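Student: I have a structure open and I'm new to it. Could you walk me through it while I ask things as they come up?
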Amino acid sequence: MESYDLALEKFKTLSANSTSEKSIEAKYYTAYLNYLKSEFKTSEKIIFELIQQEPSNPYWMSKALILLSDCYLTQNDNFQARKTLESVIENTEDSTFKKEAEEKLNAIIEKEKAQAPVLQSEEIKIEFKQN
């Protein structure tokens, strides 16, 4: 964890000093290291800052949104994770990110199916009286 903290300080310094691609990358890795430290809310906050940063960068935006879905999953918020991954699938032009988002989304769907209760149907007989 100490090495994470040292890296976090370096990335925070890099991300604070400009709006360059390196700054955006540093902000992503700041969010990622917070995720690794199980500081999911902090990671989410940093990702939202990255998303709002101008100029935006499609590569880091897609990567950050996939990380955001991971944050949601670790907090058992499958709904937000699904919606975030669907957004990546719909909006990214990068086939690698699209494939990763599709795989993660399919894993969520399969997990939900496995956890869903199986409903047993009973046969119901209805008798009609004829006049």
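Student: Okay, which residues make a nonpolar surface patch here?

Tutor: Ile124, Ile126 and Phe128 make a nonpolar surface patch of about 420 Å². Such a patch is built from residues with over 30% relative accessible area and no salt bridge, with nonpolar side chains (Val, Leu, Ile, Met, Phe, Trp, Tyr) joined within 5 Å and like charges within 9 Å. Please keep in mind that this is a predicted model, in which local features need pLDDT of at least 70, side-chain atom pairs count only at pLDDT 80 or more, and totals for chains, interfaces and linings use all residues. Residues are numbered from 1 along each chain as its sequence is written, and side-chain values use heavy atoms, with hydrogens and water left out.

Student: Where does Phe128 lie, and is Phe128 buried or exposed?

Tutor: Phe128 lies in the segment after α6, and with a relative accessible area of 70% it is exposed. Here buried means under 20% relative accessible area, exposed means over 50%, and partly exposed is in between, using a 1.4 Å probe and protein chains only.

Student: Let's step back. How many helices and strands does the protein have?

Tutor: There are six helices and zero strands, so the pattern along the sequence reads α-α-α-α-α-α, given that helices (H or I, at least four residues) and strands (E, at least two) are DSSP runs numbered from the N terminus. Buried residues make up 34% of the 131 residues. The accessible surface comes to about 9,200 Å², of which 51% belongs to carbon and sulfur atoms, with areas taken from the Shrake-Rupley method with a 1.4 Å probe, where for residues only the protein chains shown count as cover.

Student: What about α4, how many of its residues are buried?

Tutor: In α4, 12 of the 17 residues are buried, so this helix is largely enclosed by the rest of the structure. Among them are Trp60, Met61, Leu65 and Tyr72. The buried residues of α4 pack against α2 (21-36), α3 (40-52), α5 (78-91) and α6 (95-115), where a contact means heavy atoms within 4.5 Å.

Student: And what span should α4 have, at 1.5 Å a residue?

Tutor: The 17 residues of α4 (residues 58-74) should span 24 Å, and the end C-alpha atoms are 25 Å apart, which agrees. The expected span is 1.5 Å times one less than the number of residues.

Student: What happens at the start of α4, and what follows α4?

Tutor: At the start of α4, a side-chain oxygen of Asn57 reaches to within 3.0 Å of the backbone nitrogen of Tyr59. α4 is followed by Asn76, whose phi is positive, near 60°.

Student: Which side chain does the side chain of Ser62 make a polar contact with?

Tutor: Ser62, which is found in helix α4, makes that polar contact with the side chain of Thr92, at 3.1 Å. A polar contact is a pair of N or O atoms within 3.5 Å; within protein, one must be able to donate a hydrogen and the other to accept it, and residues adjacent in sequence count only if both atoms are side-chain atoms. Ser62 is buried, with a relative accessible area of 7%, and, not counting residues up to four places away in sequence, Ser62 touches Val88, Thr92 and Phe97.

Student: Switching topic, how many salt bridges does the structure hold?

Tutor: The structure holds nine salt bridges, each being a side-chain nitrogen of Lys or Arg within 4 Å of a carboxyl oxygen of Asp or Glu. One of them joins the side chains of Lys27 and Glu49 (3.4 Å, N to O). Lys27 lies in helix α2 and Glu49 in helix α3, so the pair ties together parts that are 22 residues apart in sequence.

Student: Which residues are linked with Glu49 in a network of salt bridges?

Tutor: Lys27, Lys45 and Glu49 are linked in that network. Glu49 forms a salt bridge with Lys45, the closest N and O atoms being 3.2 Å apart, and these two are four residues apart in helix α3, separated by about one helical turn.

Student: Why would residues four places apart point the same way?

Tutor: An α-helix has 3.6 residues a turn, so residues three or four places apart point the same way.

Student: How exposed are the members of that network?

Tutor: Lys27 counts as buried at 12% relative accessibility, Glu49 is partly exposed at 33%, and Lys45 counts as exposed at 52%.
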